[in-house]
Amino acid sequence: MDFLKDIFVYDSTSPLLFTSVSFWIFFGILLFGFSFIYSKLRWRNLFLFFSSLFFYYKCGGWFVILLFLAVAANFYMGIWMGRIPKKRQRKTLLLLSIFLNLGMLVWFKYTAFFIAIFNQVSGSHLKLFNFIA
């Protein structure tokens with residue numbers, strides 16, 4: 001039972017990295033499964049979607065929820081853009097989508113960097129609160 005737990009539960013001390021043996025086993029299983037369903041578009045897309053979610057979960061833990069929310073938001077904004085007849089409103093939605101995606105990128109990738117530089121320049125000791133990990 002512990003073997004299954006090791007496979008399906010995220011461990012921050014042992015993420016699924018491209019250089020690990022467990023990644024190549026996962027990749028082999030993925031290719032093997034894909035070889036049976038490559039011609040069935042719906043099954044292929046579902047298989048790759050859930051395999052990707054599993055991979056991101058094993059690499060980053062609960063950040064997969066953030067990824068899922070970003071994908072869902074972009075998907076529904078795209079549908080919404082397709083239904084709006086006015087070009088200006090579509091552009092506004094596109095800019096909102098770009099702003100949300102870049103905002104998430106800046107927050108999760110660069111906030112620690114900017115805080116470290118600010119602390120170094122100002123001599124302060126601000127700390128970044130990681131509310132997901």
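Tyr-76 is exposed in this predicted model, because its relative accessible area of 55% is over the 50% cut-off. Its place is in helix H4, which runs over residues 63–83.

How far can the coordinates be trusted? The chain has a mean pLDDT of 90, with 97% of its residues at 70 or more. Confidence is lowest in H1, where the mean is 80, and highest in H2, where the mean is 94.

Which residues of H2 are buried? They are Phe-23, Phe-26, Leu-30, Gly-33 and Ile-37. These residues cover an arc of only 95° around the axis, so they sit on the same side of H2. The face turned away from that buried side carries the exposed residues Val-21, Trp-24, Phe-32 and Phe-36. As for what covers the buried residues of H2, H3 is included.

That brings us to H3 itself. This helix has 20 residues and reaches 28 Å from its first C-alpha to its last, close to the 28 Å expected at 1.5 Å a residue. Its buried residues are Ser-51, Leu-53, Phe-55, Tyr-57 and Lys-58, and they pack against H1, H2 and H4. Just after H3, Gly-61 takes a positive phi of about 65°.

Thr-19 is found between H1 and H2, and Thr-19 is exposed because its relative accessible area of 74% is over 50%. Thr-19 and Leu-53 are 34 residues apart in sequence, and 19 Å lie between their C-alpha atoms.

Now for the aromatic rings. A pair of aromatic rings is described by the distance of the centres and the angle of the planes. The structure holds 19 aromatic pairs. In the pair of Phe-18 and Phe-55, the ring centres are 5.6 Å apart and the planes stand at 45°, so this pair is tilted. Phe-18 lies in the loop between H1 and H2 while Phe-55 lies in H3, so the pair ties together parts that are 37 residues apart in sequence. Are its two members buried or exposed? Phe-18 is exposed, with a relative accessible area of 55%, whereas Phe-55 counts as buried at 13%. Both also belong to a cluster linked by ring pairs, whose members are Phe-8, Phe-18, Phe-23, Trp-24, Phe-26, Phe-27, Phe-54, Phe-55 and Tyr-56.

Why does Thr-111 count as buried? Its relative accessible area is 11%, which is under the 20% cut-off and therefore meets the criterion. A polar atom of the Thr-111 side chain lies 2.5 Å from the backbone oxygen of Trp-107. Leaving out residues up to four places away in sequence, Thr-111 touches Val-106 and Leu-128.

Our last stop in H5 is Ser-97. Ser-97 is buried, with a relative accessible area of 9%. Which residues does Ser-97 touch, not counting those up to four places away in sequence? The contacts are with Asn-74 and Met-77.

Note on methods. Residues numbered from 1 in each chain as written. Heavy atoms only, no water. Phe/Tyr/Trp six-rings, centres within 6.5 Å; stacked < 30°, edge-to-face > 60°. Helix = DSSP H or I, 4+ residues; strand = E, 2+ residues; numbered from the N terminus. Buried < 20%, exposed > 50% of the residue type's maximum accessible area, 1.4 Å probe, protein only. Arc of directions from axis to C-beta. Contact = heavy atoms within 4.5 Å. pLDDT = per-residue confidence, 0-100. Polar contact = N/O pair within 3.5 Å; in protein donor to acceptor, adjacent residues only side chain to side chain. Expected span 1.5 Å × (residues − 1).
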